[in-house]
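Dear colleague,

Please find below the structure that I am handing over to you. My notes on it follow directly after it.

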Amino acid sequence: MRPSPHVSVRIDLDRVRANAKSIRQRAGVELIAVVKADAYGLGIVPVARAIAAQVDEFCVFSLSEAVDAELAKCNKPIMVLHPDANLTASDLVAQRARPAVWDAARAAALREARPILCVDTGMQRFACPADQVDAALKAGGCEEAFTHAARLGQVDQFLSLVGNRGLRLHVAGSSLLHEPLARLDAVRPGLALYRGAVRVATRLLEVRQTTGPVGYSGFAASWHGVIPAGYFNGLRPGPCQINDRISRIVEVGMQSAYVECGANDRAGDEVVLLGDVITKAEIALAWESSQQEVLVRLCAVGKREYVGE
Ligand SMILES: *Cc1c(COP(=O)(O)O)cnc(C)c1O
């Protein structure tokens, strides 16, 4: 899939920075900014530079993401969620990176890189089962532990396994940020950093009054328009906004898509695919998917441009 040259993806770095600042203020604890997956599609290099002063630490999936983005230049510690099996402690230390680990053998092997134990509270992936927590903490000389959780009950479970031992502890991603009980020593959001920071828009190529079933699927509408992005660009059917009206992407083709129009819409009018009115939450409902997927996918539909510093 490739970005459509006819779709603009506008990324507001001031907004990302303001989000980071307010998350940190409201949480009242350290902020570990999750910038994995190219900062959820917004671009890890500009995003990391924009928020470096507001965050205490960065978090990526693999070390190569940090190396490619020269994240070490931001002078913040880096947490690596999934260190490749062939990485050594010195590879990590050279990047100021600390690895997540979930078994005693790996914790011991990466001990010099001050590993962080990922405790399983239900995710059942990249995480240490309850009965191996003590051995893994000891093997790695761990001073820190976290869990990846979506529900408050998992916080209790986590605390009963690793609480009251003087470890630095964190749980809350975006979905638990509003829960004071989930804040512990740090919060670890991704999605919430990027809230309201991306606007994706294109323009109508043509508008027609329909004369019977339209397109491949033969959908019905009184007026329809065509936009210059399709599934080659990662687009899917769902809501959109045309001239301050909520409309729909009805059928997606290879490099174009049909949208529902009205009699007053014209070729050249703007179609907003993600913005203040067409939110990630609404699109996620239509796609039966997560807001995270909506963000990474729509950021890749067009050409990224940055506003703010
Ligand atoms: C991706 C991820 C996060 C951030 O999740 P959001 O829901 O986007 O805030 C936090 N912790 C871990 C372990 C993750 O993999």
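In this predicted model, helices H1 and H3 cross in a right-handed manner. H1 covers residues 13-27 and H3 covers residues 44-51. Their axes come within 9 Å and cross at roughly 50°; the two helices are therefore oblique to each other. On the H1 side, the residues that meet H3 are Leu13, Val16, Arg17 and Ala20. Their counterparts in H3 are Pro46, Val47, Ala50 and Ile51. Sorted by class, this contact has seven nonpolar residues, one charged residue and no polar residues.

Glycine 238, for instance, has isoleucine 249 in S14 as its bridge partner.

A further pair of helices deserves a description. H9 (residues 280-287) and H10 (residues 291-299) pack with their axes 8 Å apart, at an angle of about 100°. Angles of 65 to 115 degrees count as roughly perpendicular, and H9 and H10 are therefore roughly perpendicular to each other. H9 contributes Lys280, Ala281, Ile283, Ala284 and Trp287 to the contact, while H10 contributes Gln291, Glu293, Val294, Leu295, Arg297 and Leu298. By class, the contact of H9 with H10 has seven nonpolar, one polar and three charged residues.

Lastly, I turn to the aromatic rings. How many aromatic pairs does a search of the whole structure find? The search finds four. One of them is formed by tyrosine 40 and tyrosine 194. This pair is tilted, with 5.1 Å centre to centre and 45° between the planes. Tyrosine 40 lies in helix H2 (residues 36-40), whereas tyrosine 194 lies in the loop between strand S9 (186-187) and strand S10 (198-203), so the pair ties together parts that are 154 residues apart in sequence.

Yours sincerely

Key
Residues are numbered from 1 along each chain as its sequence is written. This is a predicted model: local features need pLDDT of at least 70, side-chain atom pairs count only at pLDDT 80 or more; totals for chains, interfaces and linings use all residues. Side-chain values use heavy atoms; hydrogens and water are left out. Axes are lines fitted to C-alpha atoms, for helices over the stretch in contact, and angles run from 0 to 180 degrees between N-to-C directions. Helices (H or I, at least four residues) and strands (E, at least two) are DSSP runs, numbered from the N terminus. Angles under 35 degrees count as roughly parallel, over 145 as roughly antiparallel, 65 to 115 as roughly perpendicular and the rest as oblique. A crossing is left-handed if the near helix is turned anticlockwise from the far one by less than a right angle, and right-handed if clockwise. Contact means heavy atoms within 4.5 Å. Ala, Val, Leu, Ile, Met, Phe, Trp, Tyr, Cys and Pro count as nonpolar, Asp, Glu, Lys and Arg as charged, and the others, Gly among them, as polar. Two strands pair if DSSP finds at least two bridges between them. Rings of Phe, Tyr and Trp (its six-membered ring) pair if their centres lie within 6.5 Å; planes under 30 degrees apart count as stacked, over 60 as edge-to-face and the rest as tilted.
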